[in-house]
Amino acid sequence: MEKKDVIIIGAGVTGCAIARELAAWKLDVLVLEKEEDVCSGTSKANSAIVHAGFDAKTGSLKARFNIEGSRRMEVLAGELDFAYRKNGAFVLCFSEEERGQVQELYDRGIKNGLTAGDLEILSGDEARALEPALSDEVVCALYAKSSAIVCPFELTCALAENAVKNGTEFRFLSEVTAITREGADGFVVELAGKERVAARFVVNAAGVFADKIHNLVSGKKLSIQPRKGDYLLMDKEVGGTVDRTIFQLPGKLGKGVLVTPTVHGNLLAGPTAEDVDDPENTATTAEALADVQARAGRSVKAMPFRQVITSFTGLRAHEAGGDFVIGPCADAPGFYDAAGIESPGLTAAPAIGLYLAGEIAKAAGAERRTDFDGTRKAIPHVALMTDEERAALIRQDADYAQIVCRCETVTEGEIRESIRRNPGARSMDGVKRRVRAGMGRCQAGFCTPRVMEILSEELGIPMEEVCKNRPGSELLCTASADEGGVS
Amino acid sequence: MTDANTIIERGRVGILVIGGGPAGLAAAVAAKRAGVDDVLIAERDRMLGGILNQCIHNGFGLHTFKEELTGPEYAARFISQAAELRIPYLLNTMVLSVDRDRNVTIMGREIGVRTITADAIVLAMGCRERSRGALSIPGYRPAGVYTAGTAQRLMNIEGFRIGKRVVILGSGDIGLIMARRMTLEGAKVLTVAELMPYSGGLKRNIVQCLNDYDIPLQLSHTVVDIRGKRRVEGVTIAEVDQARRPIPGTEVSYDCDTLLLSCGLLPENELTRMMKAGISPVTGGASVDDLLQTDIPGVFACGNVLHVHDLVDYVSEEATLAGENAAAYVSGSTGRSAADAIVEIGVDGGVRYTVPQRIDVGHMRDSVTVRFRVADVYRDRTIAVYRGEKCLSRRKTRVLAPGEMEQVKLKKEELAGLTADEGLRVVLED
């Protein structure tokens with residue numbers, strides 16, 4: 001049987017961050033992902049915020065990894081060349097009665113490890129002077145200067161690519177169905193296809209499925225509650241409506257509805273919070289989308305909802321205990337959890353990765369690799385280049401002169417490179433997340449046929465096998481209606 | 001005669017036509033025939049002809065050529081004219097930016113990234129379709145949701161089958177055409193749902209594409225849910241009230257693998273906005289005068305980038321005018337009055353907009369065609385043109401619908417001495 005030192009289950013941002021940090025050690029690491037690509041669950045549909053760290057309960061794992069992750073994210077953005085912008089955030093207060101809660105957030109931020117320079121309480125007018133679109137009802141606001149925005153897709157891909165560069169293996173469409181103990185020192189992980197792989201250490205980074213994975217080995221059960229949140233994404237034309245991330249005072253189910261620019265210049269509003277039974281329920285509802293509009297409209301005057309280009313739903317993996325579950329599993333030595341990773345999970349991922357990699361390396365008695373290369377270069381982003389940079393790139397490869405996605409100015413060269421990377425795009429969604437083809441205002445109306453062709457060419461598969469994401473999501477069909485059983 | 005590469009090397013061109021679809025082709029042909037030797041077409045796709053190449057159905061050209069052609073045939077007529085006139089063009093080439101002085105950055109496989117300055121520009125970039133995202137249709141986001149035009153391209157250009165059981169939302173012309181097309185290719189089109197109480201398409205397409213194939217059209221209906229985590233498994237359609245809100249209890253579920261959207265076309269005016277040219281909030285296209293000139297001198301617009309047309313014949317006619325006027329502009333023969341002598345055309349009684357939006361009475365041609373659309377379905381109305389309180393023309397109509405473009409002609413002799421204070425209006429009357 002194939003044997004690895006470490007198996008990581010889940011190639012979301014947490015799994016990929018753990019993989020990237022483990023790659024710094026002399027360990028043989030395999031990442032198993034049930035979808036066709038990295039960043040296919042919770043990591044792909046969230047607010048894309050690097051939270052400052054004032055919100056989580058002092059002393060919680062959320063607070064600790066938030067503060068550490070926020071600092072580490074900035075460093076990583078340099079090492080791994082992904083889109084990141086420290087734009088700052090406001091938490092708005094709409095009534096005199098709630099003023100105390102703003103002070104509480106400030107105090108908690110300081111206790112959590114932020115400095116007085118990171119936080120400031122502004123009057124309503126001071127807040128509006130910085131963000132003129134804010135509602136007239138704002139009486140005061142907490143200003144968190146270290147809050148940032150990031151591209152969650154590029155972050156996850158960058159972590160994964162960097163792990164692969166340093167010897168990590170990723171296997172996709174590989175759903176874990178069973179984990180059994182193998183002697184005193186290790187596990188056997190069984191996949192849906194009955195394939196089995198042994199490993200000394202198993203890391204559970206399975207997002208909304210982390211309870212199922214954990215409960216395969218542990219008697220101390222976890223319970224993950226998928227919590228659905230709907231978002232509205234608006235055109236880049238109105239991306240400048242606000243410059244900072246605009247929160248409202250947090251409620252029982254989370255941080256509430258925010259309004260934020262994205263790192264690519266769109267405007268994002270959401271999420272709602274609704275507990276659902278199905279961990280794959282990513283359906284938006286009219287009620288939730290209306291709720292986003294109503295709530296966002298409280299923060300920002302004249303929200304440009306006529307400029308919505310798409311809506312989506314993300315699922316947070318809420319653990320019953322309310323905190324992250326990170327570290328060794330008490331009754332299954334060698335099994336490590338990174339579970340209950342809901343907000344501020346994206347922020348925390350780099351710190352969780354570093355921490356768990358260190359713990360596992362210590363337990364394994366592994367040495368540091370001397371040849372670890374912690375850098376990665378982004379796929380060229382023609383839209384953001386100067387004409388001189390574009391010309392230089394085109395001289396090397398004329399595919400970078402051929403625009404395929406006109407809304408986002410994405411070239412054929414970028415799309416081909418996104419597929420050639422390792423791990424590379426295997427689907428339309430994979431291309432979209434890596435290079436933004438189809439992310440723009442026409443929502444892939446024009447570029448779909450061409451991106452399909454390029455995927456077909458690069459992957460050596462017929463057009464009929466090109467998928468939106470995992471198998472079953474083919475864009476074309478092969479049989480006619482008479483063959484298909486029309487009722 | 002100069003070839004495209006020479007023009008690019010030189011960094012200067014007389015008239016740059018942005019877009020090589022029906023509008024761009026007609027404009028370029030007209031400009032060249034009007035005596036400007038130096039015309040260049042920049043086309044982002046891999047062939048000239050634009051959207052017509054995928055419109056393989058007939059019904060084109062009845063006005064222009066007095067015969068019924070398919071889309072590709074209609075395009076081929078103009079492509080041949082452009083070839084005979086040896087008009088240079090660049091394919092796979094996209095204009096990235098343009099400023100008010102008509103400095104244009106252009107990128108393509110053959111030329112790399114270049115900057116050229118144009119003496120005049122004709123904007124002919126066409127339009128795009130309203131997407132599922134822009135419509136905020138709730139539900140899952142699986143494969144199998146296409147705009148009608150994307151589906152049309154995949155079927156008619158690329159030669160693929162996209163689905164077996166189809167629901168269509170929106171009764172725009174492409175959606176209607178695709179209902180028939182998919183039926184002919186063996187798919188079952190279950191229904192066409194239209195949010196509005198009337199169709200957005202041409203009457204003839206309702207008859208020929210739906211009625212002839214027994215495909216039900218449900219007016220005042222919309223899609224309220226999309227099912228299927230990977231590929232579409234079904235959609236739910238509900239009736240809507242007068243405020244276009246779904247009526248609870250009217251939901252009907254359809255098992256299907258494909259949802260096509262034909263819910264409106266949006267002029268692609270990114271470059272126009274980049275130049276900060278005035279845009280009409282109603283048409284989504286540039287606001288133009290009777291020369292089809294935007295508020296930036298030397299920049300003209302025509303076709304679906306200016307306003308969405310119903311028939312390509314009108315696109316050709318409009319674009320011919322834009323090309324001729326661009327030619328006149330570069331040869332210095334365009335007279336224009338001071339801005340305050342140019343009269344805005346007012347609208348009333350259900351006329352949504354006019355193109356052109358304003359007219360230079362002092363320098364207009366003997367006759368200027370003004371095109372417009374109406375806001376609702378109207379029966380037995382009169383289209384009237386008023387100069388101040390004086391009626392210049394009236395025409396009785398039996399049915400007016402938002403899906404069909406209307407026109408009136410303004411005659412120079414009737415407008416002599418007209419001032420902005422006096423006013424000019426196109427109105428619908430009982």
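**View 1. A salt bridge joins B:Lys229 to A:Asp278.** Welcome to the first close-up of this predicted model: the two side chains meet at 2.5 Å, N to O. A salt bridge here is a side-chain nitrogen of Lys or Arg within 4 Å of a carboxyl oxygen of Asp or Glu. Between chain B and chain A the count is nine salt bridges.

**View 2. Polar contacts cross from chain B to chain A.** The rule finds 19 residue pairs in polar contact across this interface, both residues at pLDDT 80 or more. (A polar contact is a pair of N or O atoms within 3.5 Å; within protein, one must be able to donate a hydrogen and the other to accept it, and residues adjacent in sequence count only if both atoms are side-chain atoms.) Among the elements of chain B that give two or more residues to the side touching chain A are β8 (112-123), α5 (148-156) and α8 (270-274); helices (H or I, at least four residues) and strands (E, at least two) are DSSP runs, numbered from the N terminus. The residues of that side divide into 16 nonpolar, 13 polar and 18 charged, where Ala, Val, Leu, Ile, Met, Phe, Trp, Tyr, Cys and Pro count as nonpolar, Asp, Glu, Lys and Arg as charged, and the others, Gly among them, as polar.

**View 3. Chain B and chain A bury about 4,300 Å² between them.** Carbon and sulfur atoms carry 54% of that area. On the side of chain B, B:Arg109, B:Arg141 and B:Arg230 lose the most area to chain A, together 18% of what that side buries. Buried area is the accessible area (1.4 Å probe) that two parts lose on being put together, summed over both. In terms of contact (heavy atoms within 4.5 Å), 47 residues of chain B meet 62 residues of chain A.

**View 4. Within chain A, domain 1 touches domain 2.** Nine residues of domain 1 and seven residues of domain 2 take part in the contact. About 600 Å² is buried between these two domains.

**View 5. A:Glu280 and A:Lys34 form a salt bridge.** Their side chains meet at 3.4 Å, N to O. The count between domain 1 and domain 2 of chain A is one salt bridge.

**Notes.** Residues are numbered from 1 along each chain as its sequence is written, and chains are lettered from A and ligands numbered from 1 in the order in which they are written. Local features need pLDDT of at least 70, side-chain atom pairs count only at pLDDT 80 or more, totals for chains, interfaces and linings use all residues, and side-chain values use heavy atoms, with hydrogens and water left out.
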